[in-house]
Amino acid sequence: TSAVDLMTAEPTMAKTFLVDGGAPKVGALHRQPELAATMQAVADGGRDAFYAGEIARDMVDYLRDLGGLHTMEDFANAKGDYVTPISGDFRGHTIWQCPPNGQGVIALLLLNIMSEIEAGDTPLTTDRIHAEIEACRLAYTARNMYLADPAYAEVDVETLLSAAYADRLREAIDMSTARSPVPDPDLVRHHDTVYISVVDGDGNACSFINTLFMGWGAGLISPKTGVVFTNRAMGFSLDPASPNRIEPGKRPLHTIIPSMVTKDNRTVMSFGVMGGHYQSMGHMQFLTRMFDYGMDIQEAQDAPRWMPDPFTGEVEVEGTVPDAVQAELRARGHNIIAPEKPVGGSQAIWIDHETGVLTGGSDPRKDGCAIGY
């Protein structure tokens, strides 16, 4: 209903996606010829076909008609950056992440914290779940304090990934009680992300993630191009003291973090976790399930999940966690709630260099699949 309401408020969205004012029925045929033409133009003309010329002009004119300040120069100056990835070691493997302004550094920080916490035989114990919740709260507090576009703010990745910093946060965990109060994250919720992992016949691996930020993004669509606009700028802070404050040309803190794992200088896994703010926590949970608990790639994705909400302090715990454990967590001060929808989603491919076998895993919480050909 909320998606229909969002689309109804914008005539081109309604025309493009709704049928007689409502959502199309399951199995209905859907066409987007404007977007198809745009994608063909990009395929034929490359980057400039999108960021210059008629496609860019339609987007700029549309946004300016709505009161936006966008210009053709803004689009012309847009570019992707080739960056040096950051990494951390965990259980004999090297975990690779994109550097800030994304939150991959927080996934590595969480792995550093958990690396010195006893795993036990199963992750479904009160102590283990409590430790993961508290580690997440501490790591995400660091994220909210320090993470921003490094072109505009000093992001001390070296300190965030140091053993001393992980030790300090680990020592701040009280195993008998939940952390209180929960710091204000000064951020917005994020709901809509797609992740794809590909390994080809030559062993080349691609870890790719894409997002509109919230479902259907800003709820705005460029009339002639069919392009739906994101609302990623909601990731900025209105606090002038925040490192993530709004500034011209700046990128907001974002949550999407494609990742890879190597061992002995060879890629052994390409993976990603969807779920907005959950993603850093999700990387830690997925990798620890594999390397600490011996789960295979699919079991590690199927395993029960939990996540402290950085906005409310509530802890979303999936129903597959035993009731007795949830009761014990409440006794330690955790406000346990059932998630409105499954926690996150993930895709991964493991590369066995000895046998040449690729093993794909796809999270049952999402509408993905693993395919070999």
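Let's start with salt bridges. A search of the whole structure finds 17 of them. Keep in mind that this is a predicted model. Why look for such pairs? Side chains of opposite charge can pair when their charged atoms come close.

Take D127 and R332. Their side chains meet in a salt bridge, 2.6 Å from N to O. Where do the two residues sit? D127 lies in helix α8, and R332 lies in the loop between α13 (323-331) and β9 (336-337), so the pair ties together parts that are 205 residues apart in sequence. Is D127 buried, partly exposed or exposed? Its relative accessibility is 43%, so D127 counts as partly exposed. R332 has 18%, so R332 counts as buried. The cut-off for buried is under 20%.

Stay in helix α8. R137 and E134 also form a salt bridge, at 2.9 Å, N to O. Both residues belong to α8, three residues apart, and that is about one turn of the helix. Are they buried or exposed? R137 is buried, because its relative accessibility is 7%. E134 is buried too, at 3%.

Next pair: K250 and E247. Their side chains meet in a salt bridge of 3.1 Å, again N to O. K250 shows 8% relative accessibility, so K250 counts as buried. E247 shows 24%, so E247 counts as partly exposed. There is also a network. Salt bridges with shared partners join K79, D81, D149 and R251 into one.

Now helix packing. Two packed helices are described by the angle between their axes and the distance between the axes. Look at helix α7, residues 104-114, and helix α8, residues 126-146. Their axes come within 10 Å. They cross at roughly 140°. That makes α7 oblique to α8. The crossing of α7 past α8 is right-handed.

One more distance. T159 is found in helix α9, residues 157-160. How far is T159 from L109? In sequence, 50 residues; in space, 10.0 Å, C-alpha to C-alpha. T159 is partly exposed, because its relative accessible area is 38%.

On to the surface. V194, I196, V198 and F208 form a nonpolar patch there. Together they have about 340 Å² of accessible area. Which element gives the most to this patch? Strand β3, residues 192-199, with three residues. I196 is found in that strand, β3. I196 has a relative accessible area of 41%, so I196 is partly exposed. Patch members need over 30%, so I196 clears that cut-off.

Last topic: backbone angles. Most residues other than glycine have a negative phi, and most peptide bonds are trans. Which residues have a positive phi here? D20 is one of them, with phi near 55°. N265 is another, at about 65°, although N265 is not a glycine.

Where are they? D20 is in the loop between α2 (11-17) and α3 (33-45). N265 is in the loop between β5 (259-263) and β6 (266-274). Are they buried or exposed? D20 is exposed, because its relative accessibility is 82%. N265 is exposed as well, with a relative accessible area of 80%.

Notes. Residues numbered from 1 in each chain as written. Predicted model: local features only at pLDDT ≥ 70, side-chain atom pairs only at ≥ 80, totals over all residues. Heavy atoms only, no water. Patch = residues over 30% accessible without salt bridge, like charges linked within 9 Å, V, L, I, M, F, W, Y side chains within 5 Å. Areas by Shrake-Rupley, 256 points an atom, 1.4 Å probe, with all protein chains shown as cover. Salt bridge = Lys/Arg side-chain N within 4 Å of Asp/Glu carboxyl O. Helix = DSSP H or I, 4+ residues; strand = E, 2+ residues; numbered from the N terminus. Buried < 20%, exposed > 50% of the residue type's maximum accessible area, 1.4 Å probe, protein only. Axes fitted to C-alpha atoms, helices over the stretch in contact; angles between N-to-C directions. Parallel < 35°, antiparallel > 145°, perpendicular 65-115°, else oblique. Left-handed = near helix turned anticlockwise from the far one by under 90°.
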